[in-house]
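Here is a short report on one protein chain.

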Amino acid sequence: MTSSRAHEVVGADLDETDRLLLARLGSDGRASYAEIGLQVNLSATAVRRRIDRLRARGVVRGFTVVLDPAVLGWQTEAFVEVYCRERTAPEEILASLRQFPEVVAAWTVTGDPDALVHLRAADMRHLEGVIERIRREPGVQRSRSSVVLSQLIG
């Protein structure tokens, strides 16, 4: 079964309670099982069992901290095209980028670059340092950056 097909099957197997539970986890990954249970009408034990099952099936792959760049004072923003050496797997790119809290989002893309990375930093010096550290990652060959001047939509 292909990877995309596996995701379709997993998605089809979720019931409404699983979907509510995942939505709650998505909005607050630190919510207790009891808090989630109150919202989805389950006991804390039942919530834990469901989350354990979702983790075992690969629906939930982990928990992470999402930083608010504005609260950190990271007002400088850029999009960085990352060009990797041949045979650099998306998983390697992901592992490299995960270590940078300044990475707001990242995507693999079509075209010449291998990935597009959205960065936030305190100022240009901070941004330059992050870009240089990304460029020193083992699979990265080069990068091209565009600094955001102003946001038009969104």
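## Asp 13 and its partner

Asp 13 is partly exposed, at 47% relative accessibility. This is a predicted model. Asp 13 pairs with Arg 57 in a salt bridge between side chains, with N to O at 3.9 Å. The two sit in distant parts of the chain, 44 residues apart. Asp 13 is in the loop between helix H1 (3-12) and H2. Arg 57 is in the loop between H4 and strand E1 (76-84). Arg 57 also counts as partly exposed, at 35% relative accessibility.

## Arg 50 and Asp 15

The side chains of Arg 50 and Asp 15 form another salt bridge, at 3.1 Å from N to O. Arg 50 belongs to helix H4 and Asp 15 to the loop between H1 and H2, so this pair ties together parts 35 residues apart in sequence.

Asp 15 counts as partly exposed, with 32% relative accessibility. A network of salt bridges links Asp 15, Asp 18 and Arg 50.

## Glu 77 and Arg 120

Glu 77 forms a salt bridge with Arg 120, and their closest N and O atoms are 3.4 Å apart. This pair also links distant parts of the chain. Glu 77 lies in strand E1, Arg 120 in strand E3 (residues 115-121), and 43 residues separate them. Glu 77 is buried, at 13% relative accessible area.

How many salt bridges does the count come to? The count is nine.

## Ala 44 in helix H4

Ala 44 lies in helix H4, which covers residues 44-56. Ala 44 is partly exposed, with a relative accessible area of 32%. Leaving aside residues up to four places away in sequence, Ala 44 touches Tyr 33 and Ala 34. Ala 34 is 10 residues from Ala 44 along the chain, and their C-alpha atoms are 4.5 Å apart.

## The largest pocket

The largest pocket has a volume of about 1300 Å³. It is lined by 34 residues, and the closest to its centre are Phe 63, Thr 64, Val 65, Val 66 and Arg 98. The lining divides into 22 nonpolar, six polar and six charged residues.

Which elements each supply at least two residues of this lining? Helix H2 (16-27), helix H5 (90-98) and strand E2 (103-108) each do. Domain 1 (16-57) and domain 2 (69-148) each contribute at least three residues to the lining.

Technical notes: Residues numbered from 1 in each chain as written. Predicted model: local features only at pLDDT ≥ 70, side-chain atom pairs only at ≥ 80, totals over all residues. Heavy atoms only, no water. 1 Å grid on protein atoms, 1.4 Å probe; cavity = no way out; pocket = protein on both sides within 12 Å on 5 of 7 lines; lining within 4 Å. Points joined across faces, edges and corners; volume = space filled by probe spheres on them. Helix = DSSP H or I, 4+ residues; strand = E, 2+ residues; numbered from the N terminus. Nonpolar A, V, L, I, M, F, W, Y, C, P; charged D, E, K, R; others polar. Domains from an automatic or database assignment. Buried < 20%, exposed > 50% of the residue type's maximum accessible area, 1.4 Å probe, protein only. Contact = heavy atoms within 4.5 Å. Salt bridge = Lys/Arg side-chain N within 4 Å of Asp/Glu carboxyl O.
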